[in-house]
Amino acid sequence: MSYFVALHTGAGNCSDETNQKLRTLCKNVCSDVAVSLAEGKSASEAAILGTVMLEDSPLTNAGLGSSISKDKQVRTEASLCSTYSGFHCAGDLQDIRHPIRIVQQMVQETLDANSNYIPPRVMVGNHAIMRYSKMDSSIVQANICTNQSIKLYNKAKMYFSDNENSRNENSSTQSQEVNRQFADNASDSKPKSASQTEGFSGVEDTVGIICVDKRGGVSCAMSSGGSVFKYSGRLGQCCSHGGGCHVTPRRGIVTTGNGEQIINKLLAVTLHHKLFQDPLNALNSCFGAGETPLCGFLMVEVEEDAVNLHVQHTLSNMVFGFMSSSMEKPVSKVLTKSCPVFLQTIRSRTS
């Protein structure tokens with residue numbers, strides 16, 4: 001069995017310059033993850049490695065530089081879904097740069113045959129931090145704000161403050177339109193005018209990675225800082241099994257975009273079924289009449305001698321990358337509104 005890795009840095013609205021930086025990031029992460037898979041690491045180990053690298057980049061809305069909540073705190077979340085260990089997630093983790101490390105410890109507990117109690121699959125808040133920081137000294141609370149995340153928070157605060165009264169008076173349909181406009185630029189939100197965004201690159205949403213190892217194991221990992229100006233205690237799609245990600249023995253799906261939409265539609269598992277019916281229209285078919293999808297996904301499907309890669313989104317752009325054992329170097333691309341779908345079959349190297 002050959003190995004494969006594919007990842008995305010979220011769907012959103014970034015400048016051309018930022019997109020090129022994200023493409024470079026994708027290539028670097030794919031290269032390092034591919035090396036680990038070539039060395040025999042499991043899909044889960046490789047996915048965690050790649051997620052840590054994405055969390056370390058201030059370009060992503062995960063780990064360092066994550067979106068700031070309404071109460072001026074940074075709360076991160078992450079999950080891992082694997083054919084080896086099932087689903088685990090941790091959320092509402094204040095000032096945690098690598099939430100995937102907490103999930104990693106949770107997975108290890110589940111796999112530990114000596115455990116004399118049923119290990120948790122979902123953990124949140126300070127109790128998760130306190131418990132798993134004792135098992136991994138790299139899990140520490142620290143300032144993970146960046147100038148960019150602070151700038152975005154201030155713009156979001158101004159936007160919501162200016163529109164608070166009108167939003168309260170608007171109908172549900174009008175409120176959804178406000179949210180749709182804000183979503184194009186900052187995770188689940190967007191400043192209302194071009195003047196507010198002058199000189200500003202939007203922040204992408206939840207990052208995701210899918211790895212297939214030499215044994216045929218499939219693992220998906222996700223990490224996010226959530227939507228900008230979110231309420232304290234809010235959990236996003238990383239903590240929604242079947243919403244944020246879904247794994248079967250031959251397929252992995254990770255999603256990105258408006259967390260509330262993704263959770264409500266159980267988007268990942270819904271896509272799993274829709275992709276069999278109409279692949280090119282799978283994303284839109286998950287939503288009803290009058291609903292505007294604000295999301296994207298990356299899907300990897302394993303065949304005997306090939307891997308099928310499907311990436312699709314409905315926002316302004318989405319950067320992704322991939323690499324297989326048959327490729328000499330990774331590939332990264334930017335999907336746009338005019339070109340929102342990518343489909344490719346990557347054949348295994350023949351001996």
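Reader: What covers the buried residues of H2?
Author: The cover includes strand E1 (4-12), H1, strand E2 (75-82), helix H3 (99-111), strand E5 (207-212) and strand E6 (218-224). Keep in mind that this is a predicted model, where local features need pLDDT of at least 70, side-chain atom pairs count only at pLDDT 80 or more, and totals for chains, interfaces and linings use all residues. Residues are numbered from 1 along each chain as its sequence is written, and side-chain values use heavy atoms, with hydrogens and water left out.

Reader: How many of the H2 residues are buried?
Author: Ten of its 13 residues are buried, among them Ala43, Ile48, Gly50, Val52 and Glu55. Buried means under 20% relative accessible area, exposed over 50%, and partly exposed in between (1.4 Å probe, protein chains only). Helices (H or I, at least four residues) and strands (E, at least two) are DSSP runs, numbered from the N terminus.

Reader: And how far does H2 reach from its first C-alpha to its last?
Author: Helix H2 (residues 43-55) reaches 18 Å, close to the 18 Å expected at 1.5 Å a residue. The expected span is 1.5 Å times one less than the number of residues.

Reader: Which strands does H2 touch where it packs on the sheet?
Author: H2 touches E1, E2, E5 and E6, and its direction makes about 155° with that of E5. Contact means heavy atoms within 4.5 Å. Axes are lines fitted to C-alpha atoms, for helices over the stretch in contact, and angles run from 0 to 180 degrees between N-to-C directions.

Reader: What's the strand order in that sheet?
Author: E4-E3-E2-E6-E5-E1-E11-E12, an open sheet of eight strands with mixed pairing. Strand E4 (122-124) and strand E12 (331-336) stand at the edges with a single partner strand each, so one side of each has no neighbour in the sheet. Two strands pair if DSSP finds at least two bridges between them. E1 and E5, for instance, are antiparallel over five bridges, with Phe4 partnered by Val212 in E5.

Reader: OK, switching topic. What about the five-stranded sheet, what's its order?
Author: That open sheet runs E7-E8-E9-E10-E13, with antiparallel pairing. Its edge strands are E7 (245-248) and E13 (341-347), each pairing on one side only.

Reader: Why is E9 largely enclosed?
Author: Because seven of its eight residues are buried. Seven bridges join E9 to E8, and seven join E9 to E10. A hairpin through three residues links E9 to E10.

Reader: Which residues have the most contacts inside the largest nonpolar core?
Author: Phe4, Ile102, Cys211, Leu298, Val300, Leu309 and Phe322, in a core of 71 residues. A nonpolar core is a set of buried Ala, Val, Leu, Ile, Met, Phe, Trp, Tyr and Cys residues joined through side-chain atoms within 4.5 Å. Helix H1 (residues 16-38) gives the most to this core, with eight residues. A second, separate core of 13 residues includes Ile253, Ala268, Leu283 and Phe297.

Reader: Last one: where does pLDDT stay under 50?
Author: Over residues 171-201. pLDDT is the predictor's confidence in each residue, from 0 to 100. Where pLDDT is low, the predicted coordinates should not be read in detail. The protein chain averages 89, and 86% of the residues score at least 70.
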